[in-house]
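Hello,

Here is the structure I promised to pass on. My notes follow below it.

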Amino acid sequence: MTTPHKQSVPSLRMRMGWLHAWIGFIAGLLLVCIFVTGTMSVFDTELTHWMQPETPYAQPGIPSAEALDKAAAAVTAQEGKKNRIFLSLPSDRDPLLHVTYMDHDVFKSETFHPQTGQNVPLRETVGGLFFFSFHYTLYMGRMFGVIFVQVLAVGMLATLGSGVIIHLKALLPNLVAFRPQSSSPRPWIDAHVIAAVLFLPFMFMIAYTGVLIHANRFFPNTAIERPNRGGPGRNGHHQMPSLPPLAPLLTDAAETFGADRLGFIQFSPKTVTVVRADNTKIGISRDHIDYDRVTGERIELVSKNSPAARTSQFLSGLHMARWAPVPMRWFYFISGCAGYVMFATGLVMFLIKRRRTATQKNSLPMEIAEGLALGTVLGMPLACAGVLWMNRLLPAGLPTRVTIEGSTLFVLWGALTVHALGRAFGRKVMKGWIEQSSLLSLLLCLLPVLDLATRWKWIAGQDQTVYAAVDLTAVVLGLIALRLSVVLKRKTGATASLSGPSFSKEIVS
Amino acid sequence: MAFSSYYLPRLLIAALLAYPAGLVVATFLPHLLHMPRPDSFFVAQVGAVIVVPTTVLTIFGTRSLWGGLLAAVAVIAATMLIALPLAAFGPQ
């Protein structure tokens, strides 16, 4: 698309094309990362399971009184020190009992066997929640980070809207047109459009509901009086009354919600709250029963049932997919991968087109853009794979392992971006793509080997489903990365005679 | 696809107007809806989140900048009108 002539007004398609390209590129650099970690978060519980290979087999169900007493003791020990503590109850996805608390923005937990009440010595890990937190805060704080991600999601909505207008006439034909053998940028455009059009409802839904989940941060409602949550107990700096026996509370809550529909327990200075599980229906209702903290008597059942509240719960549930059975989770996962492909191909297309029309072929902004695109498109998945590797390579008892695991993502991501920028400045950005895709394929394809080698002593008696699913998915994604590196190597070889190994020239061919 | 001067004013105006446009909806719509404050505010937020990207698209969609601004105002008004039927939820 060329710069419009002074006298002529660009057409609607050109105006939307400009908006689509620029907003898409700027927001897309981070939206790629948000999609990668969001896609992983679909299976956050399973990833945590994989990252704790000592996890024993356990039957889900209401935990025994003995187990609850031991968990209550752990809660009491943590109270007064930590901001937020809750007791996660067993579920089909995670059959163990966890006392979870926030420690400097990182979730930590003590785990108990739901039947025997024995403490299960699991290694400390950032777990799947790490990717989930990154997905919606970018680790920039729960206020600024969330708002920043919301702004990016609004950018995505504008990009999707302009994309629909650009491709409106050929929306359906584009669906069946993939021409990988055509000259570039046709294959990139085809992949971009197929991923976007095929999953268009998902893309709109995920961006829109993503903003709405935390809409109170984006559009704060200052007119609402903040509820009294029981005085200064939330910051944990005063004496808390001792807890009542939890087993009778759960029995009572099970009569209301159902035995397999209990989610977690929260604690405040005045109440103990049993919250309904999120996986019982699409809407995340957070219906809960408050019990008196001293006597254990039921105070009230709190349930928001107005149509607006139900709509809000439904939209949140639709985004988070906590209700979804396994096949639907895979659908979310595949849709997330399509989102990644859409943004990755979009970034590449932007660079190809810009290279073609740029007056100065090797300008600094162009090289920075090429480096950043590589650093996010391949750098972020590589950094995520690095976290999984670090999880298994670090000694299980290392006290600082959570910090190291978490830092791995950022250190690796930074290093890979520096590498990408270095390659871009050296006019060898294609070499950078080949190197990073090769490394990604290596890390992912060898993940099952790492898994078996470091899980061997606990493997007997474990349910293998989660481990096999994570390993196989890694191998499939690794093979895709391998294919990418092979194709790029072939293309680079074919265009070796072209002078000036620029990004466009290499990818265009 | 250069970062041309033709588009820059539109981008700046869109960036300046889009969020306030949503804020207008989020602020005034609850007063028009006869339902509990948290519910009416949520309905307003539902509309406001749509208004922000729609305003950007509208400003870029029109041939002249003034047309874009007028259309953006129309978008805000239309959103409020569309959201009004949600008042059928009624007070609790």
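How many residues does helix 1 of chain B have, and how far does the helix reach from its first C-alpha to its last? Helix 1 (residues 8-32) of chain B has 25 residues and reaches 36 Å, close to the 36 Å expected at 1.5 Å a residue. Helices are DSSP runs (H or I, at least four residues), numbered from the N terminus, and the expected span is 1.5 Å times one less than the number of residues.

This is a predicted model: local features need pLDDT of at least 70, side-chain atom pairs count only at pLDDT 80 or more, and totals for chains, interfaces and linings use all residues. Residues are numbered from 1 along each chain as its sequence is written, chains are lettered from A and ligands numbered from 1 in the order in which they are written, and side-chain values use heavy atoms, with hydrogens and water left out.

Helix 1 of chain B has a kink of about 25 degrees at B:Leu17, shortly before the proline B:Pro20. The bend is the angle between axes fitted to the seven residues ending at a residue and the seven starting there.

On the interface: 40 residues of chain A and 33 residues of chain B take part in the contact (heavy atoms within 4.5 Å). Helix 1 of chain A gives the most to the side of chain A that touches chain B, with ten residues. The rule finds zero salt bridges between chain A and chain B (a side-chain nitrogen of Lys or Arg within 4 Å of a carboxyl oxygen of Asp or Glu). The two chains bury about 3,300 Å² between them, 75% of it on carbon and sulfur atoms; this is the accessible area (1.4 Å probe) lost on being put together, summed over both.

Regards

Notes: Helices (H or I, at least four residues) and strands (E, at least two) are DSSP runs, numbered from the N terminus.
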